[in-house]
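Please keep the sequence and the model at hand while reading.

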Amino acid sequence: MNPAPNLILIGPMGAGKTCIGRRLAERFTLDFVDVDQVIVDAAGTSIPTIFEHSGETGFRTHEREALASVLEGRGQLVSTGGGAVLDPDNRALIARRGFVVYLRVGVAEQLERLARDKGRPLLQRPDREQVLHDLAAHRDPLYRELADLTLDTDPYTAADATAHLVVKLATQWQRQDLTE
């Protein structure tokens with residue numbers, strides 16, 4: 001058993017971090033926190049607007065601050081943005097403050113799941129497939145290094161992925177007492 005105060009989902013866009021995360025949070029009676037939503041709420045504007053005005057570097061600053069704030073808490077299921085693992089300080093904080101679940105998804109499945117999505121700044125280009133391959137090549141080793149548990153979500157619906165994770169988490173994760 002690996003005790004941790006929070007469950008933290010990492011992985012690329014389209015892996016199901018938000019959808020599966022909400023279901024897992026309910027199942028384990030955890031507070032669901034989407035770091036991207038925390039960023040939007042704090043900035044008072046959308047992620048595409050942050051990218052437009054501050055670039056990816058500015059967005060990553062918002063992300064680092066939001067993640068640090070969120071992970072001060074306990075009893076949460078935290079859904080991170082796909083690029084949160086790029087920052088070494090974020091990786092250290094994630095590893096220290098949670099049991100980390102890597103939701104993996106292949107590029108072909110990402111393309112299908114994100115086909116109509118217009119809100120992801122990194123995908124607002126004609127070469128979406130190449131962008132996803134490049135992101136995977138760079139980020140997958142970071143996700144793998146950080147993960148306590150990995151689930152390939154390609155073959156599953158959100159409900160099925162959640163069911164598989166509930167079984168795996170029951171044997172691998174121990175929720176730390178909230179008073180510790």
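The model is predicted, so local features need pLDDT of at least 70 and side-chain atom pairs count only at pLDDT 80 or more, while totals for chains, interfaces and linings use all residues. Residues are numbered from 1 along each chain as its sequence is written, and side-chain values use heavy atoms, with hydrogens and water left out.

**Nonpolar cores**

- The largest nonpolar core has 23 residues, and Ile10, Leu71 and Ile94 have the most contacts inside it; such a core is a set of buried Ala, Val, Leu, Ile, Met, Phe, Trp, Tyr and Cys residues joined through side-chain atoms within 4.5 Å.
- Two or more residues of this core come from each of β2 (6–10), α2 (35–43), α3 (47–70), α4 (88–97), β5 (99–104) and α6 (128–146), where helices (H or I, at least four residues) and strands (E, at least two) are DSSP runs numbered from the N terminus.
- Helix α3 gives the most to this core, with seven residues.
- Apart from this core lies another, of 22 residues, which includes Leu9, Ile20, Val101 and Ala161.
- Leu71 touches Asn6, Ile8, Val78, Leu93, Ile94 and Arg97, residues up to four places away in sequence not being counted; contact here means heavy atoms within 4.5 Å.

**The bent helix α3**

- A straight helix of 24 residues would span 34 Å at 1.5 Å a residue, whereas α3 spans only 18 Å between its end C-alpha atoms; the expected span is 1.5 Å times one less than the number of residues.
- A kink of about 115° in α3 is centred on Ser54, the bend being the angle between axes fitted to the seven residues ending at a residue and the seven starting there.
- Among the buried residues of α3 are Ile47, Phe51, Gly58, Arg60 and Glu63; buried means under 20% relative accessible area, exposed over 50% and partly exposed in between (1.4 Å probe, protein chains only).
- The cover over the buried residues of α3 includes β3 (31–34), α2, β4 (76–79), α4 and α6.

**Salt bridges**

- The count comes to seven salt bridges, each a side-chain nitrogen of Lys or Arg within 4 Å of a carboxyl oxygen of Asp or Glu.
- Glu56 forms a salt bridge with Arg60, with the closest N and O atoms 3.0 Å apart; because they lie four residues apart in helix α3, about one helical turn separates them.
- Asp87 forms a salt bridge with Arg64 at 2.7 Å between the closest N and O atoms, a pair that links distant parts of the chain, with Asp87 in the loop between β4 and α4 and Arg64 in helix α3, 23 residues apart.
- Asp87 is buried, at a relative accessible area of 15%, whereas Arg64 is partly exposed at 32%.
- Arg104 forms a salt bridge with Asp152, the closest N and O atoms being 3.5 Å apart, and this pair joins strand β5 to strand β6 (residues 149–152) across 48 residues.

**Two single residues**

- Asp140, in helix α6, counts as buried at 19% relative accessibility, and Tyr102, Arg104 and Leu135 are in contact with Asp140 when its neighbours within four places in sequence are left aside.
- Thr29, in the loop between α1 (17–27) and β3, has a phi near 50°, a positive value in a residue other than glycine, and is exposed with a relative accessible area of 60%.
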